[in-house]
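Subject: Structure handover

Hi,

Here is the structure I promised to pass on to you. Please open it alongside this email, and my notes on what turned up follow below.

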Amino acid sequence: MKLKQADIGKIRKAMEKALDTKRYEHTLGVAYTASCLAMCYDENVRNAELAGLLHDCAKCIPNEKKIKICEKHNILINEIEYKNPFLLHAKVGSFLAMEMYGVRDKDVINAILNHTTGRPGMTTLEKIIYIADYIEPNRKQAPNLAEIRKLAFQDLDKALLRILEDTLCYLGSLNNDIDPMTKKTYEYYKENSKGKI
């Protein structure tokens, strides 16, 4: 399926086929949560829903195929991504959003691209997708979830910082590889929050 322009109804059906049941339910949760956050923060609701629907569009692609797609289309793979190719779903997903699903909006593409690590200087939509991925209703196991869900509708930056902090603590406790961009994002928002929190 290749769309000339992003059609939310067709994309929703395509995601139902491309993702396993649990991932599809999560995707709908992210799309709905992102739409609600967009309403709260006066952001484009359609773009939030679109980015939410497509944020994990490459999640169920086998790891070897993710690497091949990146290599074929000159998408950079860092050392941690080579060791943990499941992390490539954001990069591959942003590529597929453009190539297969007809997304042309740069902010939507970037929201998909940065939904796992974040980045310094995120747009409101990027923050919304990052946060919606963490707080959507199907998410059960995450530290401080109830508190962060409430915070997300009060202050996006504070919610973002809490999620980054909790993510780094959690990954550190498991001795898992941490993408350097997650650390950079945390340090950026930590520095920006001084005097605000």
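One definition before the helix packing: a crossing is called left-handed if the near helix is turned anticlockwise from the far one by less than a right angle, and right-handed if it is turned clockwise. Please also keep in mind that this is a predicted model.

**Helix α8 and its two partners**

With that convention, the crossing of α2 and α8 is right-handed. Helix α2 covers residues 21-40 and helix α8 covers residues 124-135; their axes lie 8 Å apart, at an angle of about 130 degrees. Angles of 65 to 115 degrees count as roughly perpendicular and those over 145 as roughly antiparallel, so α2 is oblique to α8. On the α2 side, the contact is made by H26, V30, T33, A34, L37 and A38. Helix α8 contributes I128, I129, I131, A132, D133 and I135. Sorted by class, the residues of this contact are nine nonpolar, two polar and one charged.

Helix α8 also packs with helix α9, which spans residues 145-152; the axes of these two come within 10 Å and cross at roughly 145 degrees. Here the crossing is left-handed. I131, Y134 and I135 of α8 meet L145, I148, R149 and A152 of α9. This contact has six nonpolar residues, no polar ones and one charged.

**The loop residue L19**

L19 sits in the loop between α1 (8-18) and α2. Is this leucine buried or exposed? L19 has a relative accessible area of 6%, so it is buried. Leaving aside residues up to four places away in sequence, L19 touches Y24, T27, D56, C57 and C60.

**The tyrosine pair**

How many aromatic pairs does a search of the whole structure find? There is one. It is formed by Y188 and Y189, in an edge-to-face arrangement with 4.8 Å centre to centre and 80 degrees between the planes. Y188 is partly exposed, at a relative accessible area of 32%, whereas Y189 is buried, at 6%.

Best wishes

Terms used: Residues are numbered from 1 along each chain as its sequence is written. This is a predicted model: local features need pLDDT of at least 70, side-chain atom pairs count only at pLDDT 80 or more; totals for chains, interfaces and linings use all residues. Side-chain values use heavy atoms; hydrogens and water are left out. Axes are lines fitted to C-alpha atoms, for helices over the stretch in contact, and angles run from 0 to 180 degrees between N-to-C directions. Helices (H or I, at least four residues) and strands (E, at least two) are DSSP runs, numbered from the N terminus. Angles under 35 degrees count as roughly parallel, over 145 as roughly antiparallel, 65 to 115 as roughly perpendicular and the rest as oblique. Contact means heavy atoms within 4.5 Å. Ala, Val, Leu, Ile, Met, Phe, Trp, Tyr, Cys and Pro count as nonpolar, Asp, Glu, Lys and Arg as charged, and the others, Gly among them, as polar. Rings of Phe, Tyr and Trp (its six-membered ring) pair if their centres lie within 6.5 Å; planes under 30 degrees apart count as stacked, over 60 as edge-to-face and the rest as tilted. Buried means under 20% relative accessible area, exposed over 50%, partly exposed in between (1.4 Å probe, protein chains only).
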